[in-house]
Every structure is written in C-alpha cells, then in structure tokens.
Amino acid sequence: MCDKEKLICSESGNRFEEKPRCGTKNDDSGKLPWYYAGGFLLFWGLLFFAVVIPYLYRLPTALTIEDVKSHEFIAERAYKNLYYLSNIGTKMVGSKQNEIDAVQYLLKELNQIKEDSLKDYFDIEIDLSEVSGQFVYENVNSLYLHVQNIAVKITPKASKSQSYLLVNSHFDSKPETPSAGDAGFMIVTMLEVLRTLATTEQSFQHPIVFLFNGAEESSMLASHGFINQHKWVPNIKAVVNLDAAGSGGRELLVQSGPDHNWLLGYYNKYAKHPFGTTLNEEIYQTGALPSDSDFTIFKDHIPGLDLGQAINGFVYHTKYDVIDVIPRESLQNTGDNVLSIVRGLADAVELENIEAHKTGSGIYFDFLGITFIYYSEATGTALNFGVAGAALLFVFISMWRMAVISNVSICHVLRWFILVLTIQLICFVLGLVLPIVVSIVMDNAGLSLTFFSTPMLMIGLYVCPSLIGLSLPITVYYSIQCNEKISGGYHLQLALHAQAVILAVLIICLTSFGLRSTYVLMIPLLFYVVSLVLNLLITLHDRGYAWTGLLKVSQIIPFLCSSYVFYLFIVVLVPMTGRSGSASNQDLFIAVLSAIGTILSFGFLMPLINTLRRPSLVIFTLIAITSVSLYLASSTQLGFPYRQRTNGQRVAYLQVRNMFYEFDGTLSKDESGYLFSFQDRLEERPLLGTNVNLTGLTSIKSRCEKHMMCGMPLYDFRYVGNRLQSKWLPRAEPIEPPGSTVLKMLNKTYLKPTTVRFEFSLSGPAQMSLFFEPYEDVTITNWTFTEDYLQNPPPFPLSYHIYINYGIDNSPLKFFVDLTKQNGNFKMPLLQVGVSGHFVGAAGDAISQEFASSFPSYSIVATWPALYQRYIF
C-alpha cells in the first residue's frame with residue numbers, strides 16, 4: 001500500500017522510509033562510487049574544450065574568384081587589396097605613406113569600382129576632403145590640421161530618400177606597424193562591400209556613404225572633422241563603424257545604439273555570423289579597456305553599430321600586425337556580416353525618422369555564434385524580476401514539500417536552510433576571493449602576467465581556486481552535519497536552493513541598479529528553476545538523488561553560455577593586460593573575470609560532488625592542480641610572459657632632448673636620455689639581466705612635482721596618464737633630432753591694463769604638443785584653442801596640453817594666448833610654455849639605434865626622437 005499524500009511507498013525502496021542515522025555506513029546510501037569523480041570533472045572539461053573553444057574560433061569557408069557571384073562577398077579579392085594596402089607600411093598621420101600612398105591607392109580602387117558599377121542602377125560620387133578642427137578628449141585638447149578623408153556615396157537611381165547610412169573605418173596606423181588588422185582589414189572589407197553593391201542588380205532604399213578616414217589612431221581626428229563639417233552629414237542618420245583591437249578572428253559587436261534598440265533587430269536579422277554580448281558593451285563603456293574607436297565620436301551625433309576585430313590582440317599596434325596572421329576565412333566572416341547588415345539598414349524605414357525610434361537600450365548575446373538573442377531593456381527587467389521571483393517561490397514550495405514528506409514542520413526546514421544559505425554564501429565569497437588572493441600574491445612576488453603566453457595556467461591559478469572555494473565549505477559541512485529528520489538528498493537540495501536565492505537577490509539588486517548584463521546571472525537561475533519545477537512535477541524531487549540527473553542536463557546550456565562569454569573576455573582582455581600600463585594589477589582583473597565565469601558555470605554543479613562517496617577526492621584534485629600551476633608559473637619557463645612574435649613585450653620609449661630656456665632667454669638645462677612609458681605591470685624587470693643597459697634608470701615622479709608636465713615631451717593622453725610610472729634613463733651623448741621645432745613670439749599686445757596677448761607661430765613635425773602653465777597670480781582668460789578646455793582644465797596640476805597633428809599640409813600654426821594679472825605687472829615671468837616635437841618614424845642616431853637593437857627578441861620596441869623646449873614668457 002502507498003500513502004499517496006506523503007508519496008511514501010513501503011515496497012518501492014524509497015530511501016525516505018528509513019532515514020540513516022549519523023555516523024553509520026548508511027550515510028552514503030544512494031551515493032555514487034568515488035571513481036565517478038573523474039567522470040564528473042572530465043565531462044564538463046570536455047564540454048568546454050570540445051564545444052566552447054571550437055565555436056568561439058569557428059569561421060566560414062572563404063570564397064574565391066572561381067566562386068564569384070555578383071551578390072556575394074569574395075574574401076580572395078579583399079585579401080589581394082589587403083596585401084597591397086598593408087605593404088605600404090606604417091601609415092602615420094602626416095607621413096607620405098598615409099597622406100599620399102594610401103590615399104592614391106584607395107582612390108585608384110574606388111575609381112575602378114565606379115567604372116565597373118552598374119550605371120543604370122547606381123550613381124557613385126567620390127569626395128576627397130581635408131578637415132581641420134579641435135576638441136577635448138581624455139583631458140587633452142586635440143588639434144588637427146589638414147587631415148584627409150575619402151567619402152564615397154552610392155545612390156540607387158530610383159531612390160528619393162534623403163536619409164543616408166554611413167559605413168566607416170580608417171586607413172592610418174600607429175607607429176611601427178603595417179596595420180593589416182587595424183584597420184586595413186576593415187578598409188578592404190568596405191572596398192569589397194562597395195564593389196559588391198555597385199555590381200549587383202539589387203537596389204536599396206537609402207544612399208550609403210562609405211567613409212575611408214585618414215586619422216583615427218591619433219584620437220579619432222578625421223571622424224570628428226567629418227561628422228562636424230562634411231556636406232553629407234545632415235542627411236546621415238546611422239552608422240556602421242568598423243575597427244579592430246585584434247587580428248584574424250570573428251568581428252565582435254562591441255556597442256550598439258545608444259538608445260536605439262531597433263538596430264539590434266537588424267543585426268539579429270541580417271548578421272550571418274552573430275557575435276556579441278551586452279556584457280562586453282557595458283564593460284567597454286566604463287572606459288576600463290585601453291581602446292577606443294570612431295564610434296566614440298559618432299555616437300554623440302548618430303546611432304549605429306560598432307563592430308571590431310577582437311581576437312589575437314597580441315599583434316594589435318605592433319610590427320606583427322601583418323597580413324600573414326589573417327586567414328581569408330576571417331575576411332569572409334566579416335564581409336558576409338557587413339554586406340548583409342549594410343543591405344538591411346539601407347532599407348530600414350527607421351532611417352526616415354530616426355528620433356521617433358529612440359526606444360532605449362537593448363540586451364543581446366549570441367549563443368556559440370549559432371543564434372543571436374536580443375530584447376529590450378524593459379523586457380529584460382521584467383524577465384529578470386520574473387525569474388528571480390519564480391526562483392524564490394519554487395524554492396519555498398520545494399522546502400514545503402520537504403517538510404511534508406519528511407513529516408517535520410516548515411520552520412524546521414527553514415532553520416536548516418538558513419544554516420545552509422550561510423555556508424553557501426561563504427562558498428560564493430570564497431569562489432570569488434581565492435582567485436583574487438592568488439593574483440595579489442603573484443603580483444606582490446613580482447610574478448604578474450604569468451598567463452600572458454600560457455593561458456592554460458589560468459585554469460590552475462584562478463579556475464581551480466574558485467572551484468575549491470565553491471565546494472570546500474559545503475563539503476566539510478555535509479561531512480559533519482547530523483540531521484536524522486531530513487534526508488541527504490533533501491539536504492543537498494537546500495544547498496542548491498541557497499545558490500538560487502543568492503543569484504535571485506543579486507539579480508533583483510543589479511537589475512534595479514540598471515545593469516543590463518545581469519542576464520548572465522539570470523540564465524543559470526532560469527534553467528535551475530525549470531529543472532526544479534520538472535523535478536517537483538514528476539516527483540524525482542522526492543526520490544533520493546534521482547533529481548540530480550535532470551539538474552545536470554538542465555545546466556548544460558547555462559554552462560555553455562557562461563563559459564563561452566567569459567572565455568571570450570579572457571581571449572580579448574589577456575592581450576590588453578600587456579598594454580594597460582603599470583599602475584594597476586591587471587592580474588586582478590583577469591582573476592575576477594575567471595572567478596565570476598567559474599561561479600556562474602559551476603555554481604549549481606559543484607555541490608553535486610557530495611553525491612559521491614568521497615567528495616574530498618575532487619577537492620584534493622583541484623588543490624593538486626592549483627599547486628602544480630603555481631609551481632609552473634613561478635619556477636619554470638611556462639610562467640615567463642613573453643614569446644617572440646606571438647606574445648611580445650611592448651617597450652615604448654622616446655629618445656629625448658630636453659632644453660629649458662629661462663625668462664631672459666638663457667639655456668639653463670640641456671639633457672638627453674630615454675623616456676620609458678612602460679606598457680605592463682612588470683615594467684623593466686623582464687629586461688634586467690639581458691643585453692639592455694638600464695644603469696641609471698630612475699622614476700620621473702619627483703620631476704612631475706617640480707616641472708610642468710614633468711619637464712618631458714609627453715606624447716599623447718596615454719603618456720600623460722602614465723607619467724607617474726614613467727622612468728628616465730640619462731644619456732651622456734646629446735641626442736640630435738632629425739628636425740627642429742620652432743616657436744616664435746610674433747606680437748605682445750596689451751589689451752587692457754590687466755590683460756596682455758601673446759601671439760605665436762609654431763612649426764615642426766607632423767606630431768607636436770604644446771604645454772601651458774601660468775604662474776600662480778596669472779590666469780589664461782582667452783586663447784585660440786577650445787574654450788571648454790580653458791574653462792574646465794584637466795585634473796592634474798594646472799597644465800594644459802594641446803596635442804597637434806598635421807595631415808597633408810604642415811604649414812606653421814599661428815595662435816594667441818591672453819593672460820590676465822590683477823596688478824598689471826607684466827615685466828616678470830607670466831607663463832611657462834613647453835613645445836615637444838615628435839619625429840615619429842625616424843630611427844634616431846647611431847647610438848639610439850644600437851640601444852634599440854640590444855632589446856631581446858621578445859621585445860616589441862616603439863621608439864622615435866623627440867625634442868622638448870621649455871620657454872618662460
């Protein structure tokens with residue numbers, strides 16, 4: 001006979017009929033043999049290596065000329081364009097390679113496309129323009145002169161639309177790189193997309209403008225000039241921006257909008273190989289990543305999609321960013337997506353009235369690149385609250401069911417749940433904290449970036465400690481707890497319920513805070529609730545450990561989702577740790593990401609090791625892996641961060657000549673040396689013991705306290721931001737720059753009894769900077785430069801930085817500065833002016849070249865001569 005009310009059957013073998021007593025052999029009743037532990041870990045490991053990693057790197061087959069179809073993107077043709085464009089070499093703003101060679105090549109290709117186009121279907125207009133302007137970016141006033149843009153508009157003959165779509169990328173480069181990936185890759189993608197559109201008998205509604213801009217790497221100058229000055233801009237309603245922080249993988253949807261969720265709908269519909277996540281967008285928008293793109297400029301004017309290469313960031317902005325590391329399949333992936341997205345947006349009705357479709361931000365993510373999921377922020381809020389509420393409800397129902405079946409009061413179950421919840425909170429915290437502790441200890445021991453060339457070490461350094469934290473407290477608890485009224489199966493469910501409650505509370509809090517990427521917490525919880533409901537319905541909930549089978553199956557998709565998105569971040573962010581500066585411990589950032597990914601992937605799985613007869617074996621295995629990894633990272637070559645070509649050490653320094661002129665015009669200081677702006681946490685330590693002579697290397701921090709802008713020719717906002725970590729290596733022999741920088745005072749005019757105007761002329765190389773610092777009783781009240789920058793000075797000591805870039809024409813810059821002094825005494829020092837000229841692309845004198853050649857093979861050196869002159873007026 002069966003007691004239907006309590007679901008207890010005396011002949012069924014139900015384990016709840018006789019509860020085992022503590023300390024007896026029956027405590028392990030229903031548990032799996034200890035050797036199943038290996039299978040448990042192996043299954044999830046194989047799932048990661050056999051599914052997540054291959055799908056992250058999956059690329060389509062590249063089409064060749066033999067496969068040519070007028071309506072498809074042909075990777076082989078784009079690859080040929082990339083070969084010629086990258087062979088031009090380094091394309092710095094103001095260089096012949098950028099202003100003449102690259103422009104002429106692009107104009108030749110564009111004119112050929114125009115010649116080959118279907119003239120009965122399309123009109124094509126090519127516009128080469130020069131732009132000049134200025135704006136404030138990263139506490140620096142960026143001034144640009146005669147920067148070049150090539151804009152191409154393709155208009156269907158039948159189109160009457162006055163709303164245009166913009167597609168943008170840049171052809172200029174950073175110093176010392178041929179820039180095949182950043183962003184030659186995207187430039188040739190645009191060429192091939194334009195060619196395909198122009199030669200296909202398929203019209204579209206809105207004209208499309210392709211902008212090939214010539215100055216992005218120097219703080220997005222060309223895009224700023226275009227969006228503020230070009231004749232077609234009033235008609236442009238949306239943008240597809242293309243850039244790169246890597247080379248040779250799938251392009252990532254970096255950002256969308258802002259506040260135009262409909263764009264995600266078009267991406268979802270037309271992207272053939274979707275790849276993106278809101279989590280990346282929100283991290284990117286915090287400014288935590290050392291990267292930016294033209295989308296930063298465009299999004300203040302028009303909405304759009306920001307797509308970027310993100311894989312293999314080790315070659316980004318280095319001499320190894322060459323065509324050889326870019327597979328044709330990568331071009332095909334991006335070309336397929338861009339062509340299809342551009343076609344879709346060129347028919348978008350939303351472009352007719354863009355403001356009417358400003359509906360807020362969206363939430364989006366792809367699942368292994370197979371499908372793309374997106375929904376509005378309002379839907380996401382409702383979904384998050386709904387899942388969290390359902391979790392709390394069904395956890396309570398489950399506990400009520402336990403009380404009924406176990407013939408105890410609900411208060412009894414709740415008391416035990418509170419105890420288990422406390423322990424599970426400790427597990428959660430330890431899962432996050434232990435990897436952080438490892439990263440801090442390694443950093444303090446001078447062992448940062450040990451994973452830089454050997455990412456597998458992160459499994460032992462961060463993933464395994466997180467798993468230990470997730471499992472150790474609850475396993476210890478279950479080995480000593482004694483509760484004869486609640487079965488072992490129920491007791492284990494309480495631990496999972498506690499994990500669900502923790503996630504539910506976090507989801508409610510983070511969603512209320514407005515964090516859209518809370519979806520990463522919602523997915524594991526959603527599938528847990530589904531498995532719990534099913535277990536309750538089919539009564540596996542009450543049959544020993546039978547419910548664990550359905551739970552494990554239900555966690556496969558959350559495991560794939562969580563491990564996929566966080567592995568993506570590891571792949572993208574690890575290369576960035578090599579160029580994020582030395583001020584912060586980037587190991588800590590990677591450890592946190594690894595820990596969060598591990599908690600979300602294994603949070604509902606690790607307590608299940610207590611279904612094994614010897615769960616301690618799993619923990620000892622994890623401890624052993626962690627110990628071996630720590631040894632390998634600290635005591636073997638595997639832990640050395642750098643490798644030649646593939647994982648280089650970025651070494652940036654200037655060959656500096658400093659000349660200080662006093663108020664009376666006398667030269668008070670003339671020194672030469674090398675100014676290092678170290679790119680990663682290890683600074684010069686990997687170079688000690690090599691052939692590089694760093695004797696006399698000292699910090700410039702004390703100089704920064706005495707001199708305007710440290711008395712150094714700080715190059716751009718990155719050099720300014722990293723100035724306190726920069727170091728100076730003096731040189732006995734004077735450095736002779738290959739050119740000069742000339743500042744002339746043209747006039748000194750008294751405007752008022754308390755105000756005087758200085759007028760200057762400045763000439764020099766294509767990259768220069770001006771630094772201004774008035775004396776204490778003097779105020780700069782007006783000048784040629786941006787008024788907003790004058791009214792809102794940078795946060796560092798009152799020193800203004802004007803960052804200057806010339807394009808095709810480097811005629812002298814004329815400017816004025818008005819100074820006000822209340823007592824009207826202008827016969828004493830009023831203003832310090834620093835002038836730095838950067839001769840980017842020059843190798844330097846023989847001594848500098850010999851010094852550069854002494855760096856080890858794993859170093860990627862970026863250096864050029866710089867002249868700094870300090871004047872007092």
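Is Ser219 buried or exposed in this structure? Ser219 is buried, because its relative accessible area is 6%, where buried means under 20% relative accessible area, exposed means over 50%, and partly exposed lies in between, as found with a 1.4 Å probe and protein chains only. The structure is a predicted model, in which local features need pLDDT of at least 70 and side-chain atom pairs count only at pLDDT 80 or more, while totals for chains, interfaces and linings use all residues. Residues are numbered from 1 along each chain as its sequence is written, and side-chain values use heavy atoms, with hydrogens and water left out.

## Backbone details

Ser219 lies in the loop between strand E6 (208–213) and helix H5 (221–229), where helices (H or I, at least four residues) and strands (E, at least two) are DSSP runs numbered from the N terminus. Although Ser219 is not a glycine, its phi is positive, at about 80°. Asn407 also has a positive phi, near 60°, and is a residue other than glycine. The place of Asn407 is the loop between helix H10 (377–406) and H11, and Asn407 counts as exposed because its relative accessibility is 60%.

The bond from Asp182 to Ala183 is cis, with omega near -5°, and Ala183 is found in helix H4 (residues 180–198). The bond from Gly257 to Pro258 is cis, with omega near 5°, and Pro258 sits in the loop between E8 and H6.

Asn261 lies in the loop between strand E8 (251–257) and helix H6 (262–270), and with a relative accessibility of 11% it counts as buried. Leaving aside neighbours within four places in sequence, Asn261 is in contact (heavy atoms within 4.5 Å) with Thr359, Gly360, Ser361, Gly362, Tyr374, Tyr375 and Ser376.

Leu449 lies in the loop between helix H11 (410–444) and H12, and it is buried, with a relative accessible area of 1%. Not counting residues up to four places away in sequence, Leu449 touches Thr577, Asp587, Pro641, Tyr642, Asp680 and Leu682.

Ala102, in helix H3 (residues 96–116), counts as buried at 0% relative accessibility. When residues up to four places away in sequence are not counted, Ala102 touches Ile88, Lys91, Gln97 and Phe171. The C-alpha atoms of Ala102 and Arg328, which are 226 residues apart along the chain, are separated by 22 Å.

## Helices that pack together

Helix H12 (residues 457–480) and helix H17 (residues 586–602) pack at an angle of about 50°, with their axes 9 Å apart; axes are lines fitted to C-alpha atoms, for helices over the stretch in contact, and angles run from 0 to 180 degrees between N-to-C directions. H12 and H17 are therefore oblique to each other, since angles under 35 degrees count as roughly parallel, over 145 as roughly antiparallel, 65 to 115 as roughly perpendicular and the rest as oblique. The contact is made by residues including Met458, Tyr462 and Leu470 of H12 and Asp587, Ile590 and Phe602 of H17. By class, this contact of H12 with H17 has ten nonpolar, three polar and one charged residues, where Ala, Val, Leu, Ile, Met, Phe, Trp, Tyr, Cys and Pro count as nonpolar, Asp, Glu, Lys and Arg as charged, and the others, Gly among them, as polar.

Helix H15 (residues 547–554) and helix H16 (residues 556–576) pack at an angle of about 35°, with their axes 4 Å apart. Lys552, Val553 and Ser554 in H15 meet Ile556, Ile557 and Pro558 in H16, and by class this contact has four nonpolar, one polar and one charged residues.

## Cysteines and the disulfide

A disulfide is a covalent bond between the sulfur atoms of two cysteines. The structure holds one disulfide (a pair of cysteine sulfur atoms within 2.5 Å). This disulfide is formed by Cys704 and Cys710, whose sulfur atoms are 1.9 Å apart, and the link is right-handed, with 100° about the S-S bond. The table gives the accessibility of these two cysteines and of two others.

| Cysteine | Relative accessible area | Class |
|---|---|---|
| Cys704 | 16% | buried |
| Cys710 | 1% | buried |
| Cys509 | 47% | partly exposed |
| Cys561 | 15% | buried |
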